[in-house]
Amino acid sequence: MNDWGRSFNRRIISRGVTLALSIVGVVFESAWHAPHSATGPEKVVVLTFDDAVKSHRTFVAPLLKRLGFGATFFVTHRWMDDPENFMSWRDIGEIHQMGFEIGNHTWTHSDFSSPRNAARLAGELALVENELQKVGVSRPVSFAYCGNAFGPEAVEQLDRLGFKFARRGMQPEVPYGRIQIGPIFDPLKHHPLLIPTTGDAYPEWTLEHFQTAVGRARAGQIVVLQFHGVPDPKHPWVDTPPDRFQEYMDYLKQQNIRVIAMRDLGRYISNGKRPADRLLKVRFPEPKNGVLALPGEVETTRADLSYWLENMLIHHRYSWDEIAQVTGYSVEEITRKAQELGQAQIAGAPGDKEGETIRVLPYPGGRHPRIGFLEGAILPQRGTKASVFLPWNPASYVVVDLPEAIFSNLGLTYLAHSHVPTIWGGASWGQPLNLK
Ligand SMILES: [Zn+2]
């Protein structure tokens, strides 16, 4: 049984004090530290490989090792049930042992550009980290947006989680699928969590095209290349033929270009003030029909705001900060809405009196319902949780999961939080039973 299974999801929160009952740069000054050689400034290329394709282990990594190149492999669990064409965690551990960087590319490889999906990004990243740890790979500092889709909420999550670098695609500057040169990474202009792809390797690429992309590298401008499988039998639209790849790498060697992993970019940019990249406010792609998908729990709270305000303010005694988190509004917005609903004055009002019978109410979320073992309860879902208020102390409550887990003949079918994967995968994640 896993750890989470042993720990019952119970705890008491008492008057704001928690009692566990749980068994359970420097403004980028010139930003560029590249030495000048007799042939001019050093040219730098970042090599990245997405999707944990088998050929990364069998062909790419050994070749790059021989050439003395650095590279980042962005791994995802998404296709690992096809071990013939995709790497196992063990393969990934071996690539790490060879000295290459392993970056996080999420568990389900979904589109994280919407607020709804960005809300579950932390859980997905943790699932990958958990598997990496088992094969001796420490927590990644680099991330690649799946399908090159990004949005402000995902950037915020990555920042909060301590990621240093995140790579996007050539979009929105260059439309997807077009053989063109994308933006060259400029640390003075691009935010390190929105590093653009300069060259996205499509099967139609030729050595000439590769040379053009690489030729853009100059002092303070770093070329970032995005590859998938070499070859990539299951995703032929991003395939690179091995002999052509060999030509590309030989060219980099002949030209004496410095080839690095994404994590090595730290040497070329300062960690001080980061540029006010205009794309920090941009979402790619734009939502279909202009409707932004919010996290399910945020939407249901907003749909019945009066009920939840009373639940949070009177019974659970939430702060306005906590309420803002649950509702997805700013503190200003939610206090204004509470005033409009005539509920602002109930903040801090006493709940029920001592000696009453046990009351059970839906748990509003926002506040973590566990003490300790937090890493085993990533993304606790409120849909299955109820707060049982204690008659001898109405300010205290125990959060129970009904249920915490459902097993079926298919395996772990549902879990009330993220930590171990369930058969739901991406689509139904976060859409569980709903007590309210
Ligand atoms: Zn990918």
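Which residues are buried in H8? Here are my notes.

1. Before the answer, a word on the model: it is predicted, so local features need pLDDT of at least 70 and side-chain atom pairs count only at pLDDT 80 or more, while totals for chains, interfaces and linings use all residues. Residues are numbered from 1 along each chain as its sequence is written, and side-chain values use heavy atoms, with hydrogens and water left out.

2. Now to H8, residues 242–254. Helices here are DSSP runs of H or I with at least four residues, strands are E runs of at least two, and both are numbered from the N terminus. H8 has 13 residues and spans 18 Å from first C-alpha to last, close to the 18 Å expected at 1.5 Å a residue (1.5 Å times one less than the number of residues).

3. The buried ones are Phe245, Tyr248, Met249, Tyr251 and Leu252 (buried is under 20% relative accessible area, exposed over 50%, partly exposed in between, with a 1.4 Å probe and protein chains only). Looking down the H8 axis, they sit within an arc of 150 degrees, so they line one face of the helix (the arc uses directions from the axis to the C-beta atoms).

4. Turn to the face pointing away from that buried side and you'll find the exposed Asp243 and Gln254. Just past H8, Asn256 has a positive phi of about 60 degrees.

5. Met249 shows up again in the largest nonpolar core: of its 45 residues, Leu47, Leu64, Phe227 and Met249 touch the most other members (a core is a set of buried Ala, Val, Leu, Ile, Met, Phe, Trp, Tyr and Cys residues joined through side-chain atoms within 4.5 Å).
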